[in-house]
Amino acid sequence: MADLGNILLFFLFPVSVFTALTALAAGITKRRGLLEAARRGAYAAFAVTTLAVLALEYLLVTSDFSIEYVASNTNFALPLFYKIVALWAGHNGSLLLWTWIVTIFSAIVAYQHRHKNNDLMPYVLFVMATTMVFFSILSVFISNPFQTLYQDFGNTLQEFTARDGHGLNPLLQHPAMVIHPPVLFIGYVGSVVPFAFAIAALITGKLGSGWIHTTRRWALTTWGFLAVGIILGGKWAYVELGWGGYWAWDPVENASLLPWLTSTAYLHSVMIQERKGMLKIWNMALVISTYLLAIFGTFLTRSGIVSSVHAFANSGLGPAFAVFLSMGIIFSLSLLIYRRKDLKPDEEMESLVSRESGFLFNNLLFLLATIAVLWGTMFPVISELFTGDQITVGPPWFNNIMIPIGLALLLLTGAGPLLAWRHTSVETLKRSFGWPTLGSIIFIAILFAFGIRDGWALGSFAISFFVMWTIVVEFVKGANIRKKNSGENFFLAMYMLSRKNTRRYGGYLIHAAMVVMFVGFTGNAFNTETRAEVGEGDSFQLGPYTFKALTIIDEQNDNYSSQTLEMEMYRDNRLIDTISPQKRFYFASEQPSTEVDIYSTIREDIYAVLSGMNNDGTKVIVQVYRNPFVSMVWIGAFIMGIGTLFAMLPNLRESKAGGE
Amino acid sequence: MNSKKMKFVIGSLVIIVAVIVLAIQGMKEDTTMSYSKSVSEVKMLGSRAYAMTLKVNGDLKKGSIVRNNLDLDFVITEGNSELSIHYIGKDPIPDTFNNDMDAEVIVSGKLQQDGVFNAERIQAKCASKYEADYSSPEI
């Protein structure tokens, strides 16, 4: 089966080279037959990669420990479910998953456009197949998941079969971690589709809005998957890593944020191009950057150039990625420069206080955020280049710069949609902003009276209040107008209104989700924690809560042994819940793992970690965090997912005239 | 350049300058920036080391971990150089960190005048756990 998998995977290389070349030839000669051949090539690439993935799954599920990847990432006692998902637990397997998703998307695009866009498609397939060629080189020649296991016997390397595998890294044995990589990868890889169409538009000179309309759903889907993937990663870090937080500005986290930032900027600025014919070069640049940053993110995770707790060890892929990235940058930049005259704006900006201007500043802020995150992430490399010292900038640096940018963006989220296109008069400004502004000021005053003194937090809550207000007003006002015209009841009117312009109201829903998430982020300003050493019967305090240690339990099963501290949590002498943080030791991987226990409400999370045994073994050390509003982050993410799906629904058309 | 364009340019410049100021102001040697060094490199820094926040990587000396109530002390090594670490951080220490293991450790914090390193953060990497190290082959 391993040989079969190897052969299948090997076939991907010639197949993708064939697809890329025939697609290029089809573009140059404009012959239908060649395009058809390239399309078949894309299907074939998908077929062989799918079979290779199935072969690897077979080896994983049947625990064939003569294969290095299987032996390093699974063991006999591992539950079947985790054996299956071990496909993306390690470096080589997850690279195969990446490659597989590229071939899936290429096949889908080839199929979707089998009867249309015949002018763009040769180059679209060319770009996607070139990406495939690159990843097939990595998968086949550098990081092959079908590699057999070798052991050094004396002086000779010999193939052998391990008695049992090393097991899956315990940190990865969590549901969020199971879906986080595929979701994130779909987000990463999805960026290749808008990129391929943008490049095709640049090559063919068909720079109208055709490529934008064609890729709108792809761009939105990619964006949504990226967002959900990033948040799942945060959720996993929160429940699994046991340090009480979900985001630490770690290089790998930043790597996933970068393409999301440029992709968010694109989703906004593209509206200006559609409406006003402006920012054409800029939109091209954003689509190109998103793709290159996605590749860069993969490179950062796997090359080991910046050290990160998450990163795979140095895998020898660095040089290959560096070459591919530089080629991508040079190729796209040259095309942009070549076509710069055809990308001139149709109109010019008129007023500083207008919808266009709102979008413009939104984009500037997203761009600056991208540069800041990139700069901070790469600072160890940059500083070593110039000073010889490897200097890391910590989370405070990122927060110092990203909190103001984030709040400014949040403010624009509320203000932007209220501004009129072209120019907004002072009268309109007063009418739209008067009440929400007054409301936010009163809201701050109330919070201040309740004892909140943190400046950033007050600012964030005020802006959140303002934005939420404006969003609710948009829905209510629209629904009322429709209700008057159509006679529907209020809620039906609101639903119909949204369904008739899903992109706009889906967008508002996503904005509302961002507000909810920002409230969650702001909760960080009020985190408190305590550490205590407790034996049975001891108690300690955190804020209004009293914790009483009941027992320390030792248990064991096939997979791991564990130690659990059972505590009762009281507030005002009333029992709230029992909290049982646990520490596990996995036999196969010989790794301990911390299982936190979280008591979660909308208001706050009580997060308990068993951090260790005392020397004499009778007492344990327990760490308890009180984190306000964390659940708002997950709730916000959920709303964001709904909003994204809603924005993808086709607009409802009505037979009678009315509405927009 | 017309006055409309001018307004945009000025507005954008204000934002860009503000972000650059934040970026520079955020770079503080003693709090937000840390220098990555190995154990022997720290020894070579001499008294310069006291002013910097350092990220020191080395191997955990087996059996050197001493816990005393909430205190935690250990030693990291690189070749013949040793560095005594006193943990003053609040976060729970990582799972891979214990006396029996070959762990590569990264500690972040400051070197004190007495030569003991006060660590605020400990990161442990499992040195060889997932590399090829299969001791019981089936023959």
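Helix α2(A) passes helix α5(A) in a left-handed crossing, a crossing being left-handed if the near helix is turned anticlockwise from the far one by less than a right angle, and right-handed if clockwise. The model is a predicted one, in which local features need pLDDT of at least 70, side-chain atom pairs count only at pLDDT 80 or more, and totals for chains, interfaces and linings use all residues. Residues are numbered from 1 along each chain as its sequence is written, while chains are lettered from A and ligands numbered from 1 in the order in which they are written.

In chain A, the axes of α2 (residues 32-61) and α5 (residues 91-112) come within 8 Å and cross at roughly 150 degrees. Axes are lines fitted to C-alpha atoms, for helices over the stretch in contact, with angles from 0 to 180 degrees between N-to-C directions. The crossing angle therefore makes α2(A) roughly antiparallel to α5(A) (angles over 145 degrees count as roughly antiparallel). Among the α2(A) residues that meet α5(A) are Tyr43(A), Phe46(A), Val53(A) and Leu56(A); the α5(A) side includes Leu96(A), Trp100(A), Ile104(A) and Ala107(A). Contact requires C-beta atoms, placed from the backbone, within 7 Å. By class, twelve nonpolar, six polar and one charged residues take part in the contact of α2(A) with α5(A) (Ala, Val, Leu, Ile, Met, Phe, Trp, Tyr, Cys and Pro count as nonpolar, Asp, Glu, Lys and Arg as charged, and the others, Gly among them, as polar).

Chain A is divided into domain 1 (1-173) and domain 2 (526-633), with bounds from an automatic or database domain assignment. Their C-alpha centres lie 42 Å apart. Nine residues of domain 1 of chain A are in contact with eight of domain 2 of chain A. On the domain 1 side, three of the touching residues are nonpolar, five polar and one charged.

Between the chains, 45 residues of chain A are in contact with 36 residues of chain B. Helix α14 (residues 395-415) of chain A gives the most to the chain A side, with six residues. That side comprises 21 nonpolar, 18 polar and six charged residues.

Chain B contains two helices and eight strands, in the order α-β-α-β-β-β-β-β-β-β from the N terminus. Helices (H or I, at least four residues) and strands (E, at least two) are DSSP runs, numbered from the N terminus. Of the 139 residues in chain B, 27% are buried (20 or more other C-beta atoms within 10 Å of the residue's own, C-beta atoms being placed from the backbone). Among contacts in chain B with a separation of 6 or more, 47% join residues 24 or more positions apart.

Key. Buried ≥ 20, exposed ≤ 12 C-beta atoms within 10 Å, placed from the backbone. Contact = placed C-beta atoms within 7 Å. Parallel < 35°, antiparallel > 145°, perpendicular 65-115°, else oblique.
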